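Hi everyone, thanks for coming. I'd like to walk you through a structure, so let me put it up on the screen.

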Protein chains: 2
Amino acid sequence: MHDVLIGAKILSKNEEIAQRTRKEFNQRGIFSINLVSSPGSGKTSIVEKTVERLKDRIKIAVIAGDIQTDLDSKRLKKYAIPVKQITTGRACHLDALMVRRVVPWLFVQGGVELLIIENVGNMVCPAEYDLGEDMKVAVMSVTEGDDKPLKYPSLFHASRLLLINKTDLLGYTDFSVDRACENALKINPALRVFETSCVTGAGLDTWCDHLEEMVECQATIDGQ
Amino acid sequence: MHDVLIGAKILSKNEEIAQRTRKEFNQRGIFSINLVSSPGSGKTSIVEKTVERLKDRIKIAVIAGDIQTDLDSKRLKKYAIPVKQITTGRACHLDALMVRRVVPWLFVQGGVELLIIENVGNMVCPAEYDLGEDMKVAVMSVTEGDDKPLKYPSLFHASRLLLINKTDLLGYTDFSVDRACENALKINPALRVFETSCVTGAGLDTWCDHLEEMVECQATIDGQ
C-alpha cells in the first residue's frame, strides 16, 4: 500500500510538470509526439525516415532517451536538425522532469514545429508517464508477435497511433497484421494504425503525410 | 535523492526475500533460471522448445510472468508440466515477493529439478530484481539490433548466459552475431552465448544439453 501511495504521488507530480510543458509547447506552436516501443522495434529508424521525408517541409527537433550511450542521437546527427540525448542511467523510462530540463535548449532552437521524443525501449513504464507530449505513438515490430497488445495493454490504451513496423519481415514470421489490429483495437478502439517498413519504405509516406497534417492542424488550433 | 533511498530500500528487502528463496530451492535440489528479454524476443518459444527436449530427462516447472493475460501459461499447458502464471498488473517486472508467494505451490509438485521463470518482457527493471534464481539468462532476438548490449547494459551485466534467438531471420536483417557478441562481452566478459532458432531448431540441442548439465552439476553440489 505504501508503494502504491508513493507511486501515485510520483505520477501526480509528473503530471503537473507535463501539463506545464504541454501548455508551453502549444503556446509556441510545437506539436510533439512520444514514440514508445520495446527495444529494437525500430524507433530510431522510424525517426530517421520521418526526418528524411519531412525536414524540408517542417522544422523538426528530436529528444532521444536511452538508458546508456548516445548511439541514437549520433545516428540522427547527419540530418542537421536539433537533437538532444537524455541518458536516464537506471531509469527505464523518460519522465516529465527529464524533458522539462531540456525545454530551454528546445526553445532556443527557434521555430520548431514538430518535436519527436524517442522514449527508452520499454513497453511498460513509459506508457504511464506523460512527458507533456500531444500524443503517444506506439511502435511494434512484426517479429514481436501479434499478441503484444493483449499482453501490454497500457501502452496501446495510452497511445493515439500505432505503427506496425518491419512489415518487410512479414513473410518470415507467423505474425498476422489483422490479428494484431484486432487485438490492439480491443484495447483501444480509437487507435489509428499504420503499417511501415524502414527497409522497403512501405507505408512511410502515408505515415509522414498524416504526421504533417497533424502538425498543421495543431498550428491552426494554436493560432486561433 | 528521496526516490533513490526508497529504491535502495525496496531492492534490499527484495534481496533478503530472494536469498531465502534461493536457499530453499538449493536445499530441495531445484536449479532455477530467470529468462529476461524485451517483449517478443521469443522467451515463451524458448521455454516450449526447452520443455519439449528436456521434459523426459528432468522434471521441469515453469513460472510465467506477464503484465496481463495468461496466454503464455496456456501455451505451456499442453506439455503436462506444472505451470504457474503470475500476472503483475502494472508492475514491469517480477520481484522476489511475487515468486515467494508461489513457492508453496512449487514445493507440492514434488521432485522439481529445473524451474524456469519467464519474466515480464522488459530489458530494464527485471535486471535489477533478484528472484532467488541461480542465474539470469538474457534473450535477444536478431531483429532487435546488435547494439542492444551497449544500450541496456544492466541485463547483460547481470546475466550468466545469453541466447541470441531467431537466427532464422539473420539473412533478412543487418544484425551481426559477431558484433552483438563483441558488444555483450564488453559489458560482461564471462557471458556464455548460445545462438538459437525456435523455427529451424538450430542451437536448441546445444542449449538444452548445457542446461541439463547445469541442473546435474547443481544436484551434485547440493548433494555434497
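**A glutamate and a helix face**

Let's start with E212(A): setting aside neighbours within four places in sequence, E212(A) is in contact with L54(A) and R57(A). Before I go on, please keep in mind that this is a predicted model.

Where does E212(A) sit? It belongs to helix α9 of chain A, which covers residues 204-223. Is E212(A) buried or exposed? It is buried, with a relative accessible area of 15%, under the 20% cut-off for that word. With R57(A) there is also a polar contact, side chain to side chain, at 2.6 Å. As for N26(A), that residue is 186 residues away from E212(A) along the chain, and the two C-alpha atoms are separated by 16 Å.

Now over to helix α8 of chain A, residues 177-187. Which of its residues are buried? They are V177(A), A180(A), C181(A), N183(A) and A184(A). Looking down the axis of α8(A), you would find these buried residues within an arc of 165°, so they line one face of the helix. D178(A) and K186(A), on the other side of α8(A), are exposed. And what covers the buried residues? The cover includes α6 (148-151), α7 (153-158), β6 (159-165) and β7 (192-195), again from chain A.

Conventions: Residues are numbered from 1 along each chain as its sequence is written. Chains are lettered from A and ligands numbered from 1 in the order in which they are written. This is a predicted model: local features need pLDDT of at least 70, side-chain atom pairs count only at pLDDT 80 or more; totals for chains, interfaces and linings use all residues. Side-chain values use heavy atoms; hydrogens and water are left out. Buried means under 20% relative accessible area, exposed over 50%, partly exposed in between (1.4 Å probe, protein chains only). Helices (H or I, at least four residues) and strands (E, at least two) are DSSP runs, numbered from the N terminus. The arc is that of the directions from the helix axis to the C-beta atoms. Contact means heavy atoms within 4.5 Å. A polar contact is a pair of N or O atoms within 3.5 Å; within protein, one must be able to donate a hydrogen and the other to accept it, and residues adjacent in sequence count only if both atoms are side-chain atoms.
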